[in-house]
Amino acid sequence: MLNGPKTLGRLLKYRTEKTPDMKAIGWIENGEVKSLNFSEYKKQIEILAAAFPKMGMNVGDKIAILAQTCKEWHFLDMAALCYRACVVPIYPSYLTKEIDHIFRHSDSTILVVENDKQMEKVIPNLPEWTNLKAIIALNDLSEEVLKKFRNSCTYFSYRELIRIGTEEIKSHPDLLDNQIINQLPEEYASIIYTSGTTGEPKGAVITHHALATMLSNIEKSIQGGFSSKDRALVFLPLSHVLGRCDSFLPLVFGWQSVYAENLEKLIDDIQIVKPTVMIAVPRIFEKIYAGVMAQVESGNMLERHAFKWATHIAKNYFYKIDRDLSPSASEIIEFKLAQKLVFSKIYERFGGKIRYFVSGGAPLSPAIIEFLRYANLTVLEGYGLTETIAPCCLNPLSKQVSGTVGRPIGDVQFAFEADGEILIKSEALFKEYYKNPEATQEAIREGWFHTGDIGEFTPEGYLKITDRKKDLIKTSGGKYIAPQKIENIAKTQAHISQIVVVGDQRKYVSALIGIEKERFLSLLEDFGLASDCSIAEIAENEGVRNLIAQEVDAINQELAQYESIKKFSILPVELTVENYLTPSLKIKRKVITAEYVKEIEAMYQESPFDKRA
């Protein structure tokens with residue numbers, strides 16, 4: 001790892017000099033993976049950086065990027081970081097008002113947009129953006145869209161930027177290296193705005209030193225378990241701190257990161273890329289699990305029986321492994337047979353070369369982790385926040401404990417308040433909330449970052465997250481309930497897509513349940529529903545309600561009486577980033593409970609019958 005002052009520019013220089021000919025960045029083109037080695041990768045960054053002065057961009061300027069994940073996003077990110085500018089990611093799902101707030105609040109001067117769709121969202125804001133120097137479009141904008149703003153600001157296409165940079169670098173070949181040499185660790189690398197589950201997003205200021213320390217912490221925790229022989233598939237939003245962390249990992253591990261075409265083509269892309277490492281958020285794994293279980297359920301009796309047998313064999317096998325007991329010879333043979341006949345098919349879905357999944361951003365159900373493990377798919381669950389610049393805790397390669405987020409990595413220290421709130425101290429922490437000293441003082445006290453999460457260490461030193469401090473429920477009977485625990489159990493049910501547990505200051509716990517049409521396709525005819533029916537029609541169907549009731553009963557079997565779900569309401573819409581999910585696919589709890597207050601109140605109406613709402 002890099003010695004001396006830590007900056008992203010120095011990391012790039014170090015990696016390029018160490019492994020210039022190794023594959024660095026890849027992308028999919030006509031069904032094949034195309035690649036740049038580290039020398040070519042650095043050259044691409046140099047070309048972009050050489051074009052920046054011609055745009056009027058200065059050291060310290062802030063460049064906002066509004067686009068889906070792609071290699072061009074990353075190239076501009078690295079070019080800006082090495083040029084000593086500050087990058088401000090903006091989620092591509094954000095609307096005009098949210099984009100306006102982040103661009104103006106961050107004092108950005110350059111805007112990168114992906115295409116016509118994103119530019120259309122920006123145009124109404126342009127008259128108010130007095131700081132704006134230039135707009136860069138990753139994909140050429142149409143003449144129709146260009147007409148709407150061309151006379152009001154300077155515009156460059158990505159292709160034009162490459163052309164300008166290619167010319168400029170001839171007379172300024174050392175421009176990037178000179179900037180890297182002068183780069184200071186305390187300089188702003190990025191302002192990352194939280195996704196706003198509890199209100200207006202705050203801008204977490206990340207320095208180069210903190211960002212590089214986070215990467216160093218990951219490298220130390222892996223202890224040589226990843227290498228330049230690995231290949232990662234990058235598909236998470238680069239506007240999210242975990243996706244951004246993923247994009248920087250070639251700098252420390254020397255591996256190749258291949259950028260997926262888009263989330264819709266993810267399954268196809270996996271077969272093309274055949275990654276050995278994949279970083280994802282729990283929602284991705286939950287969808288994988290639901291898909292496998294749906295396929296099993298729709299299979300013939302022999303296939304269902306084989307799956308049940310294989311699961312039983314694997315469960316018994318790992319029960320002994322986890323307790324440092326040796327499985328018998330017959331148990332080993334049965335487990336290998338179960339893997340060959342049943343679980344190998346699941347493993348092959350992921351290209352057949354996966355060594356590790358890494359999960360972060362939200363809790364992942366232990367049942368899903370264990371299920372993937374049966375198929376030789378190891379999940380390293382970790383923990384981190386925007387303010388910790390992604391991971392500060394990770395399950396080690398040597399031994400994973402499901403239900404925990406692993407052990408502290410690198411220089412990270414943990415402490416706990418009396419109420420169980422997790423406190424973190426590390427050099428890999430955000431510096432402050434931009435232009436918000438009150439929030440900064442509330443979050444960082446005596447060098448400790450107050451996370452707002454509740455947790456504890458197990459006797460083996462693994463961190464277990466109980467819940468968000470603000471989400472804890474206290475019933476009218478005085479019982480404290482962690483919604484996250486209940487919601488995690490619910491994720492293994494076949495027809496419950498999302499669930500929001502409610503019950504604060506109430507007599508009992510209830511739930512708002514989200515469903516997806518695709519999980520009911522094989523049942524529509526049985527329930528008397530047309531193939532083109534809406535989510536609302538599915539939610540109101542008596543057969544569907546009875547099915548969900550059975551799954552709620554299954555959840556309650558794993559809960560104490562006081563925390564079991566007494567009533568539920570099925571939501572009439574699918575939960576997406578367009579309504580009730582953050583861009584990182586977490587539920588906007590406050591928004592959804594405010595929107596469905598009538599449904600919640602109905603679940604607490606006095607009734608002579610204890611029937612489900």
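Tyr 289, Phe 307, Tyr 317, Phe 318, Phe 335, Phe 343, Phe 371 and Tyr 374 come together as one aromatic cluster. The model is predicted, so local features need pLDDT of at least 70 and side-chain atom pairs count only at pLDDT 80 or more, while totals for chains, interfaces and linings use all residues. Residues are numbered from 1 along each chain as its sequence is written, and side-chain values use heavy atoms, with hydrogens and water left out.

Let's look at how rings pair up. A pair of aromatic rings is described by the distance of the centres and the angle of the planes. Rings of Phe, Tyr and Trp (its six-membered ring) pair if their centres lie within 6.5 Å; planes under 30 degrees apart are stacked, over 60 edge-to-face, and the rest tilted. Searching the whole structure gives 26 aromatic pairs. In one of them, Phe 307 and Phe 343 have ring centres 6.5 Å apart and planes at 65°, so this pair is edge-to-face. It joins distant parts of the chain, 36 residues apart: Phe 307 belongs to helix 14 (residues 301–322) and Phe 343 to helix 15 (residues 329–348). Helices here are DSSP runs (H or I, at least four residues), numbered from the N terminus.

Phe 307 has 10% relative accessibility and therefore counts as buried, and so does Phe 343, at 1%. Buried means under 20% relative accessible area, with a 1.4 Å probe and protein chains only.

Now find Phe 318 and Tyr 374, a stacked pair with 6.0 Å from centre to centre and 15° between the planes. This pair links Phe 318 in helix 14 with Tyr 374 in helix 16 (residues 366–374), 56 residues apart. Both Phe 318 and Tyr 374 are buried.

Methods
Helices (H or I, at least four residues) and strands (E, at least two) are DSSP runs, numbered from the N terminus. Buried means under 20% relative accessible area, exposed over 50%, partly exposed in between (1.4 Å probe, protein chains only).
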